[in-house]
Amino acid sequence: MKPKLFIPGPTHVDQEILDAMAQYPIGHRTADYRELQSKVVTGVQELLYTNQSVLVSTSSATGLMEAGVRNLSNQKVANFVCGAFSQRQADITRICGLDQDIFKVEWGQATTAEQVEAALSSGDYDLVTVVFNETSTGVMNPLAEIGEVVKQYPNTLLMVDAVSGMLGAPIKVDEWGIDMVFASVQKAWGIPPGFALMSLSDQALERSASIPESQKGFYFDFVRMHKAGEKSQTTVTPSIPHLYALAAQLDRIKAEGLDNRFARHKAMATRVRDWGNDRFGLFAQPGYESATLTCFQNAAQLDLIALVEKMKTRDYLISGGYGDLKGQTFRLAHMGDLQMDDIEDVLNVMDEVIEEL
Ligand SMILES: *Cc1c(COP(=O)(O)O)cnc(C)c1O
């Protein structure tokens, strides 16, 4: 038996999704395919409360982190950094040769609307990058408030990494003024890795159209991708098994109810925090704790390597810290298709294992 996944990606996948992926493929230039993609796009639009363009990408989310900055900025990028993944976005911006300023907070703290306001009022940025849920620290940033600030700057686009937050908490794309939001499918979507999706505003598409192809490249040119998307097509051969999985997952989300799904995530997050808050301490700034994963400090000085190893021998995979936090923190995911029973189960085993350490 493979250990059950309680790491923040890839996450646990239900058998129904695995079965959906195992279907015989269809040609990607057929009417059947267009129907499949169209169903997925309409479903995602509903989940993101948007009428804007939704595009699928056969890549991990990092492909879209790179594509976003290359398609959406020809002036200067403001990268807001609060942990390892938002730092990756800043690194990608630099590596792509774009002009940028980086605005950091200490890991564990949130990027706030005030911080974004201060940066935008003193600079000349055409793109803001911000992470919704910082997977390395367990912080969920106040996206609605950040969106309100960026709206005051009509030339500035808002690009959001929602990789580990999408479907764990609401993201109201149109209302919050988000120009690009993206996620891969192996986090709160509960689907095996290898695929990503995004929404793009009209203004984002206009910006992309104004940028030379030599900056955007071919594979991730948003204009090309959107043109194909309008015909329920992709520019290149997509991962059809992932589209089957998304279609199946959208049916399941409809059956559960989106609000119920959010409520389930909230309940699981509360349960996990209550379990360990006193003993270990939370890494996230109070008030900004993530709905999809919890990052614990190691106040009890546990041997974290032994903890992770012992959990693995009991068939549970949990995570030590990420990046600079390795060995100092441990993380437990409570997202996707994990249910409260799974959480009770893993917490019981954690208690037993910690007792033995
Ligand atoms: C996992 C993760 C990524 C990277 O996603 P890939 O699909 O592995 O490229 C980026 N940002 C955040 C916040 C993540 O949690």
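## The largest cavity

Fifteen residues, given as 15 in the count, line the largest cavity, and Val56, Ser57, Met225, Thr234 and Thr235 lie nearest its centre. The model is predicted: local features need pLDDT of at least 70, side-chain atom pairs count only at pLDDT 80 or more, and totals for chains, interfaces and linings use all residues. Residues are numbered from 1 along each chain as its sequence is written, and side-chain values use heavy atoms, with hydrogens and water left out.

A cavity is a set of points, on a 1 Å grid over the protein atoms alone, where a 1.4 Å probe fits but cannot get out; lining residues have an atom within 4 Å of a point. The volume of the largest cavity is about 130 Å³ (the space filled by probe spheres set on the points, with grid points joined across faces, edges and corners). The structure holds three cavities of 30 Å³ or more.

Strand E2 (53-57) and helix H10 (222-229) each supply at least two lining residues here. E2 gives the most, with three. (Helices, H or I of at least four residues, and strands, E of at least two, are DSSP runs numbered from the N terminus.) The lining has eight nonpolar, seven polar and no charged residues. (Ala, Val, Leu, Ile, Met, Phe, Trp, Tyr, Cys and Pro count as nonpolar, Asp, Glu, Lys and Arg as charged, and the others, Gly among them, as polar.)

## The largest pocket

The largest pocket has a volume of about 490 Å³ (a pocket is an open set with protein on both sides within 12 Å along at least five of seven lines). Its lining counts 32 residues; Ser319, Gly320, Gly321, Tyr322 and Arg331 lie nearest the centre.

H13 gives the most to this lining, with four residues. Elements supplying at least two residues each include helix H3 (61-72), helix H4 (84-95), strand E6 (133-134), helix H13 (304-313) and strand E13 (319-320). By class, the lining has 12 nonpolar, 13 polar and seven charged residues. Domain 1 (4-10 + 257-356) and domain 2 (25-253) each contribute at least three residues (bounds come from an automatic or database domain assignment).

## The second largest pocket

The second largest pocket holds about 400 Å³ of space. Of its 19 lining residues, Met140, Ala169, Pro170, Glu289 and Ala291 are the closest to the centre. Helix H6 (143-151) and helix H12 (258-280) give two or more residues each. H12 has the largest share, four residues.

This lining divides into 12 nonpolar, four polar and three charged residues. Domain 1 and domain 2 each provide at least three of the residues.
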